[in-house]
Amino acid sequence: MRRNPLFYLAPVSLALAACSNLPSDPIAYADEIHARCLTLDTHKDISSQLAPEQLPKDPDTAKTYRERYDPTVRGNQQVDFVKMREGEYDCAFFIVYTSQRKLTAAGYHGAYTEAKKKFTAIHRMCRLYPEHIALATTAADVERLHNEGKLIACIGIENGYPMGLDLKRIEEFHEKGARYMGIAHNGHTQLGDSHTPTKPMHNGLSELGVKAVAEMNRVGIMVDVSHASKNTMMHALKVSLAPVIASHSGARALNDHSRNLDDDQLRAIADNNGVVQCVALASFLKSNPEHRVAIGALRKDLGIARGTTGDLSSDELQKRFAKFATARKEVDAKYPGANVSTYVDHIEHIIKVAGIDHVGIGSDFDGGGGIAGWRDASESRNVTRELVRRGHSEAAIQKIWSGNLLRVWREVEAVAAASK
Ligand SMILES: [Zn+2]
């Protein structure tokens with residue numbers, strides 16, 4: 001029997017119909033996907049003065065305070081409630097970062113005191129503004145609060161240094177809401193080696209570090225291997241009973257920076273069923289030597305050491321930091337660095353090596369993060385737009401924005417529950 005010639009055309013016309021279903025406006029299409037995503041960022045630094053209960057009497061000082069610390073004001077921070085809503089940036093791990101001092105009792109005590117202030121600041125923010133934001137302490141909390149339309153705060157500890165030599169502090173930090181903790185920041189700790197300096201101190205985790213990982217597994221705190229040396233990171237993967245995270249790191253194959261993870265490390269995290277949350281800090285994503293020299297000169301001029309964050313102790317230092325921030329913008333404009341496209345290159349490299357189930361997002365906002373096109377929470381849509389532009393599916397984008405991290409968190413919860 002001869003078929004009607006139109007029969008053969010049917011698949012073609014079906015294909016044409018499918019084509020006509022393609023978004024006529026890809027940006028609007030990407031924005032719809034972004035709106036449906038639960039967007040979660042694993043690294044947002046804070047000042048211990050976040051969400052002040054009282055403002056200074058002097059109106060000018062009060063205004064400065066509000067711009068700097070009040071999360072309800074669209075102020076100087078890269079993440080505040082207004083910018084979160086603008087960018088549909090739903091959930092962030094607010095970071096308990098403490099500057100590292102010597103590995104002495106006095107040093108640990110200082111850092112522990114500083115850490116407590118940051119926990120208090122995050123709790124204060126949630127207590128003062130319950131109509132805006134709430135603290136999530138489980139992966140289920142994150143999803144429930146998102147369905148309720150709330151912004152979501154989680155807590156991560158950048159560096160295990162403030163626990164000192166006392167393993168009981170880990171349970172205490174868990175009770176205060178911490179759900180991940182790093183081994184080190186910049187500089188070796190009592191728990192293990194950092195990515196810097198390159199000369200090791202422990203050649204991996206210390207004996208205490210191994211016990212700390214076991215204790216984090218027991219209480220249900222995700223182990224964070226960002227900032228750790230390669231040896232330390234591999235050691236942590238070997239001893240941890242639960243998957244680990246790298247809360248803010250990039251791909252070393254694309255930019256040879258010690259804060260990034262090489263392909264062996266990416267594969268190891270995939271084998272561990274963990275997740276690499278891609279960092280959005282320009283100098284980690286793309287080497288830019290002219291920029292580095294100019295910033296170095298600026299730091300020297302103004303006496304602003306590397307690693308200085310927005311949490312500054314004296315007015316005089318704050319003024320110098322403000323000058324630095326302004327001058328830095330000029331340097332950024334003169335020597336453009338990483339942008340959203342560079343960022344998605346790193347995400348795609350992690351996908352290529354580790355797989356789509358092992359990548360996520362950790363901006364490092366208010367701690368040095370921010371790139372052209374994703375300068376603050378309000379511009380978060382641009383990340384989704386670039387992923388859509390490059391053909392990633394909605395399901396893949398959901399995994400990247402939060403699905404993978406929440407899966408790891410649940411596994412960590414399950415390991416802790418099993419140990420009870
Ligand atoms: Zn960091």
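Analyst: Happy to! The protein chain has 16 helices and nine strands, where helices (H or I, at least four residues) and strands (E, at least two) are DSSP runs numbered from the N terminus. This is a predicted model, in which local features need pLDDT of at least 70 and side-chain atom pairs count only at pLDDT 80 or more, while totals for chains, interfaces and linings use all residues. Residues are numbered from 1 along each chain as its sequence is written, and side-chain values use heavy atoms, leaving out hydrogens and water.

Now for the pair. Two packed helices are described by the angle between their axes and the distance between the axes. Helix α12 covers residues 289–302 and helix α13 covers residues 315–334; their axes come within 10 Å and cross at roughly 160 degrees. (Axes are lines fitted to C-alpha atoms, for helices over the stretch in contact, with angles from 0 to 180 degrees between N-to-C directions.) That makes α12 roughly antiparallel to α13, a label for angles over 145 degrees. The crossing of the two is right-handed, meaning that the near helix is turned clockwise from the far one by less than a right angle.

Which residues of α12 and α13 meet? On the α12 side they are His-291, Ala-294, Ile-295, Leu-298, Arg-299 and Leu-302, and on the α13 side Arg-320, Lys-323, Phe-324, Ala-327, Arg-328, Val-331 and Asp-332, with contact meaning heavy atoms within 4.5 Å. Together these residues divide into seven nonpolar, one polar and five charged. Here Ala, Val, Leu, Ile, Met, Phe, Trp, Tyr, Cys and Pro count as nonpolar, Asp, Glu, Lys and Arg as charged, and the others, Gly among them, as polar.

Notes. Angles under 35 degrees count as roughly parallel, over 145 as roughly antiparallel, 65 to 115 as roughly perpendicular and the rest as oblique.
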